[in-house]
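Here is a short briefing on one chain. Look over the sequence and the model, then read the points by topic.

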Amino acid sequence: MAAITKDQEYIDNHGGYCPYCLSKNITKNGNPSIGGGSIKIPKRCLTCDYEWRDHYVLIGYEETKV
Ligand SMILES: [Zn+2]
């Protein structure tokens, strides 16, 4: 398994582009996997065909029904 790349610019831009060719022509590439306090969302670039997964971590919760 590949190491997680912590590209601050990518994180600051909320992952809105391909980390390989910087194209914004990207799409989800399957279902997210949820578990262990993190969510991984598979993405694919429609310009260069690069595939990666965005990693999200739990930062808290909010009430949705009292
Ligand atoms: Zn790309």
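Where in the chain is His 14 found? His 14 sits in the loop between H1 and E1. This is a predicted model.

**Overall fold**
- The chain has one helix and four strands.
- Starting at the N terminus, the order of elements is α-β-β-β-β.

**Shape and packing**
- The C-alpha trace spans about 45 × 25 × 25 Å along its principal axes.
- The radius of gyration of the chain is 14 Å, whereas a compact globule of 66 residues would have one near 11 Å.
- Buried residues make up 5% of the 66 residues in the chain.
- Take the contacts between residues at least 6 apart in sequence: 27% of them join residues at least 24 apart.

**Cys 18, a buried loop residue**
- Cys 18 lies in the loop between helix H1 (8-12) and strand E1 (26-28).
- Is Cys 18 buried or exposed? Cys 18 counts as buried because 22 other C-beta atoms lie within 10 Å, and the cut-off for buried is 20 or more.
- Leaving out residues up to four places away in sequence, Cys 18 touches Ser 23, Ile 26, Cys 45, Thr 47, Cys 48 and Tyr 50.
- Leu 46 is 28 residues from Cys 18 in sequence, yet the two are 9.0 Å apart in space, C-alpha to C-alpha.

**Positive phi angles**
- Most residues other than glycine have a negative phi.
- Which value does phi of His 14 take? Phi of His 14 is near 55°, a positive value in a residue other than glycine.
- Phi of Asp 49 is also positive, near 70°, and Asp 49 is likewise not a glycine.

**Exposure of His 14 and Asp 49**
- His 14 is exposed, because it has 8 other C-beta atoms within 10 Å, and 12 or fewer counts as exposed.
- Why does Asp 49 count as exposed? Asp 49 has 10 other C-beta atoms within 10 Å, so Asp 49 is exposed under that cut-off of 12 or fewer.

Technical notes
Residues are numbered from 1 along each chain as its sequence is written. This is a predicted model: local features need pLDDT of at least 70, side-chain atom pairs count only at pLDDT 80 or more; totals for chains, interfaces and linings use all residues. Helices (H or I, at least four residues) and strands (E, at least two) are DSSP runs, numbered from the N terminus. The radius of gyration is taken over C-alpha atoms; the globule rule is 2.2 Å times the number of residues to the power 0.38. Two residues are in contact if their C-beta atoms, placed from the backbone, lie within 7 Å.
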